[in-house]
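This report describes selected side chains of one protein model.

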Amino acid sequence: MMKLYGLGPTRSLRALWALRELDAEFEFVPVNILGGEARHPDFLRLNPAGKLPVLVDGDFILTESAAIVMYLAEKYGAKGLMPTDLKERAQAYRWTLFAVTELEQPLWRIAKHEFLYPENKRLPEDVALAREEFLRWQQCSNATWTGASSLSARG
C-alpha cells in the first residue's frame, strides 16, 4: 500500500487530493515539521531535503507535490484524471507547472503579507507587486486557456 508523508496545510494537499480523487488505497503518515520529524534520520532517508510531501509506492519514492500528482494520474490512467491524448496531456502538464512555477509565488506573497506576518512585518508594496504579477499571469492564462477548453470540459 502506498504511503503519503505530509502535513495538512502544506503542498501535501495536492497529493492528498489526487489520491482521494483517484480513490487509491494509501496510508497518510503525518509529519510534524515543527516537532523536528522532517529532520529525523528515518525521514531524511526518504527525502534528504527534509521536505513534504513524500510518496512511497513500494520501493519507489517520489517527492515534489506536482510530480506526485502527475505520477498518480499516470499510474491510475483509467480513472481519467490525465488526458490520454498526447497534446492534451502536454497542456495538462503545462498548466500544472504554470501553477507551481508562476502562479503560486505571487499568491503566497500576498497571503504572507496580508494574513500571516505580524502587521509590523507586512510589506504593502510587496502585496501590490504580487497582485500586479498575478493579474498579468491571469490575463495571459485567460488568453491561452480558451485554446485548452477541451481539458476543462472533461468533467
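## Basis of the description

Helices (H or I, at least four residues) and strands (E, at least two) are DSSP runs, numbered from the N terminus. By this naming, phenylalanine 115 has its place in helix 4 (residues 86-116).

The model is predicted, so local features need pLDDT of at least 70 and side-chain atom pairs count only at pLDDT 80 or more, while totals for chains, interfaces and linings use all residues. Residues are numbered from 1 along each chain as its sequence is written, and side-chain values use heavy atoms, with hydrogens and water left out.

Aspartate 57 is part of strand 3 (residues 54-57). Is this residue, aspartate 57, buried or exposed? Buried means under 20% relative accessible area, exposed over 50%, and partly exposed in between (1.4 Å probe, protein chains only). Aspartate 57 counts as buried because its relative accessibility is 14%.

Contact here means heavy atoms within 4.5 Å. Apart from its neighbours within four places in sequence, aspartate 57 is in contact with Met2, Tyr71 and Lys75. With tyrosine 71, the side chain of aspartate 57 makes a polar contact of 2.6 Å. A polar contact is a pair of N or O atoms within 3.5 Å; within protein, one must be able to donate a hydrogen and the other to accept it, and residues adjacent in sequence count only if both atoms are side-chain atoms.

## Salt bridges

A salt bridge is a side-chain nitrogen of Lys or Arg within 4 Å of a carboxyl oxygen of Asp or Glu. How many salt bridges does the structure hold? There are three salt bridges. In one of them, the side chains of lysine 75 and aspartate 57 meet at 2.5 Å, N to O. This pair links distant parts of the chain, with lysine 75 in helix 3 and aspartate 57 in strand 3, 18 residues apart. Lysine 75 has a relative accessible area of 39% and so is partly exposed.

Arginine 89 forms a salt bridge with glutamate 74, and their closest N and O atoms are 3.6 Å apart. This pair also links distant parts of the chain: arginine 89 belongs to helix 4 and glutamate 74 to helix 3, 15 residues apart. Arginine 89 is buried at 19% relative accessibility, whereas glutamate 74 is partly exposed at 41%. A salt bridge of 2.2 Å, N to O, joins the side chains of arginine 45 and aspartate 42. Both of these residues, arginine 45 and aspartate 42, lie in helix 2 (residues 41-46), three residues apart, about one turn of the helix. Arginine 45 is exposed at 58% relative accessibility, and aspartate 42 is partly exposed at 44%.

## Aromatic pairs

A pair of aromatic rings is described by the distance of the centres and the angle of the planes. Rings of Phe, Tyr and Trp (its six-membered ring) pair if their centres lie within 6.5 Å; planes under 30 degrees apart count as stacked, over 60 as edge-to-face and the rest as tilted. The count by this rule is three aromatic pairs. One of them is a tilted pair of phenylalanine 60 and tyrosine 71, 5.0 Å centre to centre with 40° between the planes. Phenylalanine 60 lies in strand 4 (residues 60-63) and tyrosine 71 in helix 3 (residues 65-75), so the pair ties together parts that are eleven residues apart in sequence. Phenylalanine 60 is partly exposed at 34% relative accessibility, and tyrosine 71 is partly exposed at 23%.

Tryptophan 95 and phenylalanine 98 have ring centres 5.2 Å apart and planes at 75°, so this pair is edge-to-face. Tryptophan 95 and phenylalanine 98 are separated by about one helical turn because they are three residues apart in helix 4. Both tryptophan 95 and phenylalanine 98 are buried.

## The buried side of helix 3

Which residues of helix 3 are buried? They are Ser65, Ala66, Ile68, Val69, Met70, Leu72 and Ala73. These buried residues of helix 3 pack against strand 1 (2-6), helix 1 (12-21), strand 3, strand 4 and helix 4.

Threonine 101 is found in helix 4 and counts as exposed at 52% relative accessibility. A polar atom of the threonine 101 side chain lies 2.7 Å from the backbone oxygen of leucine 97.

Phenylalanine 115 is also exposed, with a relative accessible area of 61%. Together, Trp108, Phe115 and Leu116 make a nonpolar surface patch of about 370 Å². Patches are made of residues with over 30% relative accessible area and no salt bridge: like charges are joined within 9 Å, nonpolar side chains (Val, Leu, Ile, Met, Phe, Trp, Tyr) within 5 Å. Accessible areas come from the Shrake-Rupley method with a 1.4 Å probe; for residues, only the protein chains shown count as cover.
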